[in-house]
Amino acid sequence: MKKKLVSLALAAAMGMTLLAGCGGSTGSTGSEAAGTSSTAESAAASTAESAAASVAEGSSDLASAKVGVCIYQFADNFMTLFRQELESYLVAQGFDKGNITIVDGANDQATQSGQIDNFIADNVDVLIINLVNSSSAATVTDKVVEAGIPLVYINREPDADEQQRWTDNDWNVCYVGCDARQSGTFQGEIIADLGLDAVDFNKNGKIDYIMIEGDPENVDAAYRTEFSVKALTDAGLEVNCLDDQVGMWDQVKGAELVANSLSQHGTDIEVVFCNNDAMALGALQSIQSAGRKVGEDIYLVGVDALTEVVQYVIDGSITGTVFNNHFAQADGAADAAINYLTGAGNEHNIQCDYTKVTADNAQEILDSLS
Ligand code: GAL
């Protein structure tokens with residue numbers, strides 16, 4: 001049975017503008033919508049009208065449920081770990097692997113929108129979507145809700161206005177993810193904890209840094225940029241941004257940008273902040289090519305805790321990273337999908353925690369990844 005849309009009026013453009021450049025970039029307030037979460041009970045109430053309810057009524061057996069998963073881009077290290085965990089966890093919970101379809105949006109919203117249309121035409125029982133463009137959330141929500149399919153957003157958090165619509169309309173729509181502000185704070189703390197003396201190689205009394213940002217389509221980029229620097233200033237340190245560039249989460253771009261920055265600013269650069277580990281791996285290549293040595297004349301931090309990076313934290317080639325818990329996020333998204341299918345329902349915003357990774361706990365984190 002189709003669920004009627006109550007209103008399309010609030011489908012406001014949510015595009016978050018992130019202008020790279022020193023002096024700070026701020027995004028829209030996606031995570032602030034955590035406060036708008038409705039109760040699991042109210043979410044469950046509307047489930048009666050959804051297609052998912054028929055699964056719950058007919059059978060508690062998840063093996064026959066069809067799951068559609070849209071990933072913004074397969075060529076993304078972190079989202080590869082995420083989707084692998086998502087699939088194996090769904091199978092472990094009783095879904096049939098043949099009923100789980102995971103598609104690659106190839107970083108193109110038009111491609112992804114077509115994939116969503118196909119999933120709707122195919123009558124999937126639940127959708128898990130990692131948007132290409134966060135600003136498409138309202139349009140995507142409207143068509144998926146109209147089709148009566150429960151929807152779990154992952155990784156790219158729709159903004160507060162969009163999440164408010166889910167609450168106001170009691171739709172079976174939620175977001176599962178971690179609060180990127182925390183990851184930025186942890187990055188900054190990793191540097192602040194070293195102390196000014198250890199970091200201030202040029203003895204100008206400031207932390208001279210460069211920032212390599214991810215794709216602004218994910219609010220994670222803006223939050224990590226803002227909160228890593230805020231953690232330094234909150235610790236009473238003076239900061240000096242020498243360069244701020246968008247590397248699109250990409251290792252090759254990260255390497256290029258850091259190489260350029262190093263040739264322009266040379267030994268004035270004391271810290272390289274990368275919004276993710278793929279770009280930190282690229283940064284490390286350029287740091288080494290420039291004859292610099294992490295821990296001796298420069299520091300480098302990322303986010304995600306890719307295995308390779310955690311290994312580098314252990315051997316000292318990378319100062320630290322932040323574990324972006326793909327297990328908790330993937331399992332949480334699968335659990336949310338199951339809750340819709342069984343009629344239990346969900347809160348609209350489900351959050352998990354990041355973990356700071358330094359030489360002190362890197363081995364433990366590495367062990368937990370395998
Ligand atoms: C971030 C992650 C990045 C990239 C991005 C994709 O959370 O840290 O590495 O995967 O999501 O939106």
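Visitor: Which domains does the shell around the ligand draw residues from?
Guide: Keep in mind that this model is predicted. The residues around the ligand include Tyr72 and Asn155, along with Asn218 and Trp249. The shell takes at least three residues from each of two domains: domain 1 (2-176 + 324-350) and domain 2 (181-323).

Visitor: How many residues of that shell are nonpolar, how many polar and how many charged?
Guide: Let's look at who is there. Phe78, Asn276 and Asp220 are among the residues around the ligand. Sorted by kind, the shell comes out as three nonpolar, four polar and five charged.

Visitor: Which side chain has an N or O atom 2.6 Å from an oxygen atom of the ligand?
Guide: A few side chains are worth checking here. For Arg156, an N or O atom of the side chain is 3.0 Å from a ligand oxygen, and for Asn324 that distance is 3.2 Å. The 2.6 Å one belongs to Asp304.

Visitor: And how much of the ligand's accessible area does the protein cover?
Guide: On its own, the ligand has 310 Å² of accessible area. It sits in the largest cavity. The protein covers 99% of that area.

Visitor: What about disulfides: is the one between Cys22 and Cys241 left-handed or right-handed?
Guide: The structure holds two disulfides. One of them joins Cys22 to Cys241, with the sulfurs 2.1 Å apart. The torsion about the S-S bond of this pair is about -60 degrees, so the disulfide is left-handed.

Key. Residues are numbered from 1 along each chain as its sequence is written. This is a predicted model: local features need pLDDT of at least 70, side-chain atom pairs count only at pLDDT 80 or more; totals for chains, interfaces and linings use all residues. Side-chain values use heavy atoms; hydrogens and water are left out. A residue is near a molecule or strand if one of its heavy atoms lies within 4 Å of it. A polar contact is a pair of N or O atoms within 3.5 Å; within protein, one must be able to donate a hydrogen and the other to accept it, and residues adjacent in sequence count only if both atoms are side-chain atoms. Accessible areas come from the Shrake-Rupley method with a 1.4 Å probe; for residues, only the protein chains shown count as cover. On a 1 Å grid over the protein atoms alone, a cavity is a set of points where a 1.4 Å probe fits but cannot get out, and a pocket is an open set with protein on both sides within 12 Å along at least five of seven lines; lining residues have an atom within 4 Å of a point. A molecule sits in a cavity or pocket if more than half of its atoms lie within 2 Å of its grid points. Ala, Val, Leu, Ile, Met, Phe, Trp, Tyr, Cys and Pro count as nonpolar, Asp, Glu, Lys and Arg as charged, and the others, Gly among them, as polar. Domain bounds come from an automatic or database domain assignment. A disulfide is a pair of cysteine sulfur atoms within 2.5 Å.
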